[in-house]
Amino acid sequence: MRSDPHSPAPRCPAGGTRPAKPALTFVQIWNMCFGFLGLQFAFALQNANVSRIFQSLGADLDQIPIMWIAAPLTGLLVQPVIGYLSDRTWTRLGRRKPYFVIGAVLAASALWLMPRAPTLWFAAALLWVLDASINVSMEPFRAFVGDQLAPAQRPLGYAMQSFFIGIGAVVASALPWIMAQFGFSNSGAAADGQAMIPVTVRHAFDIGAAVLLLAIFWTVMRTREYPPEELQAFSDAIPAQARSQHTAGASGLQRGALWSGFGLAGAGIIWSFGLDRQMYLVCAGALLWGLALLTHGFTQGESSFGTVMRDLETMPDTMRRLAPVQFFSWLGLFAMWIYTTAAVAQVHFGSSDPRSDAFNQGANWVGVLFATYNGCAAVAALFIPLLVNRVGLRFSHLINVWIGGVALLSFLVIRNPYWLLAPMAGVGVAWASILSLPYVLLSDSLPAQKMGLYMGIFNFFIVIPQLVAASLLGLLLKWVFGGAPIYALAIGGVSFLISGALVLRVAEPADTLLIERPA
């Protein structure tokens with residue numbers, strides 16, 4: 001075995017034993033994951049400030065969830081396509097890295113434009129571009145770790161990604177507050193009294209665009225990739241876990257008809273009783289999924305669509321069991337990201353008016369809170385491999401997300417905004433785990449030649465809860481909780497608790513219980 005972990009892998013002789021991937025050094029794993037610093041910088045700016053930008057441009061509180069719809073819809077379309085294409089790409093730049101570059105350039109452009117949006121709908125369109133561009137880079141990054149690392153090093157690789165995610169998000173989330181400390185205007189009102197996007201937010205997005213480009217290009221220039229034929233020669237190219245035996249055939253046609261009927265019937269009920277139009281989103285999702293199943297059942301083609309549908313139908317059992325874990329984890333996160341600004345500004349700073357100083361002080365404090373949970377996530381990521389060594393992947397994830405669940409529920413009783421720093425530390429522990437351990441559990445069940453596609457499909461279970469949060473969460477708050485946004489955080493806490501319980505249904509991979517250290 002050559003000492004260079006990116007040298008050509010020895011070929012497996014006919015009937016012989018496949019060689020293991022060489023272990024990467026700490027510096028190589030660092031360089032490989034450094035691009036996530038920039039991606040999370042962009043993602044954190046989006047999560048902490050887009051609702052604020054929408055309100056500054058005139059959006060009502062109950063409109064905000066629907067304004068976020070562009071992001072999950074984009075993810076449903078972009079992620080599997082990018083995964084499918086990156087599995088089949090090989091250029092002088094590499095396999096995944098061309099997508100890093102394309103996504104970074106587009107996302108940086110959207111970051112620069114977002115705080116300069118002249119109208120609400122222009123900002124909503126930019127959110128679509130920004131989220132799509134981040135997805136173009138982020139989805140191949142998940143597969144990148146699976147490509148480069150042997151199963152024993154993957155927990156460390158994904159924990160390193162979580163570390164950079166935490167560091168990037170700490171600075172990005174707090175940037176508007178930091179800008180205000182340096183004397184930049186944080187006013188949300190123009191000279192004529194109209195609401196405006198504060199100068200602090202605009203400069204934060206400008207810095208974010210620069211950091212995103214620099215971090216991505218560092219990873220691109222400092223890492224190499226295994227060509228496809230070398231990946232296929234390694235022992236982890238064909239996972240030990242068996243694939244699910246579900247088939248598309250008649251059952252697919254029947255399920256397609258059922259989902260389509262559910263979508264049409266639901267839309268008819270909403271129209272007949274004059275229910276809230278946001279509920280059409282759920283019906284539209286059911287109808288589109290039903291039509292996709294019917295199309296695949298009738299055609300059974302070899303197109304990219306057929307490949308995605310066929311692999312979705314026959315996903316590994318580990319992936320199928322992880323789906324509800326991801327759903328409830330990310331439902332809790334989206335509830336927090338969408339409603340924390342409104343909740344903290346209303347409950348802890350006493351204002352729901354985006355033009356008021358109190359509201360913008362609350363919005364800046366949310367940036368500090370988000371920086372806190374991301375900073376704690378960076379620290380927690382360093383200790384997650386040690387916890388995995390002691391109790392395994394499943395119980396590590398359960399402990400971490402339950403800490404986050406209790407933390408979000410505590411928002412109901414804490415009234416001093418400074419004391420909110422404590423529960424946000426708990427959210428950071430959950431965030432570090434959500435960003436790493438499910439991917440470790442998943443990657444060991446995926447074939448090397450379809451790592452990108454399956455990572456893209458896996459992200460469905462991140463996107464779908466965002467659609468649910470955007471279409472139904474606002475209605476639930478209005479009908480059950482009198483429109484009080486603080487209860488969205490409580491719903492998020494309960495979702496975390498459910499997610500932790502469901503992870504116990506997933507099998508524990510034997511070869512990641514003891515995590516090898518890089519040389």
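A residue counts as buried under 20% relative accessible area and as exposed over 50%, with partly exposed in between; keep this in mind while moving through what is a predicted model.

Select Trp30 to begin: its relative accessibility is 31%, so Trp30 counts as partly exposed. Because Trp30 belongs to helix H1 and Phe163 to helix H7, the pair ties together parts that are 133 residues apart in sequence.

Next, show the whole of helix H1, residues 26-33, in which Ile29, Asn31, Met32 and Cys33 are buried; the cover over these buried residues includes helices H2 (35-56), H6 (120-148), H7 (154-181) and H8 (199-222).

Now turn to the largest nonpolar core, which has 134 residues, and select those with the most contacts inside it: Phe54, Leu212, Trp330, Met336, Trp337 and Trp431. Helix H14, residues 357-409, gives the most to this core, with 17 residues.

Stay with two of these selections, Trp330, buried at 5% relative accessibility, and Trp337, buried with a relative accessible area of 2%. Their ring centres are 5.9 Å apart and their planes stand at 65°, so the pair is edge-to-face.

Finally, select Arg142, which lies over the face of Tyr439 at 4.1 Å from the ring centre, and then Arg222, placed over the face of Trp218 at 5.4 Å from the ring centre.

Terms used. Residues numbered from 1 in each chain as written. Predicted model: local features only at pLDDT ≥ 70, side-chain atom pairs only at ≥ 80, totals over all residues. Heavy atoms only, no water. Buried < 20%, exposed > 50% of the residue type's maximum accessible area, 1.4 Å probe, protein only. Helix = DSSP H or I, 4+ residues; strand = E, 2+ residues; numbered from the N terminus. Contact = heavy atoms within 4.5 Å. Core = buried A, V, L, I, M, F, W, Y, C linked by side-chain atoms within 4.5 Å. Phe/Tyr/Trp six-rings, centres within 6.5 Å; stacked < 30°, edge-to-face > 60°. Lys NZ or Arg CZ within 6 Å of the ring centre and 35° of its normal.
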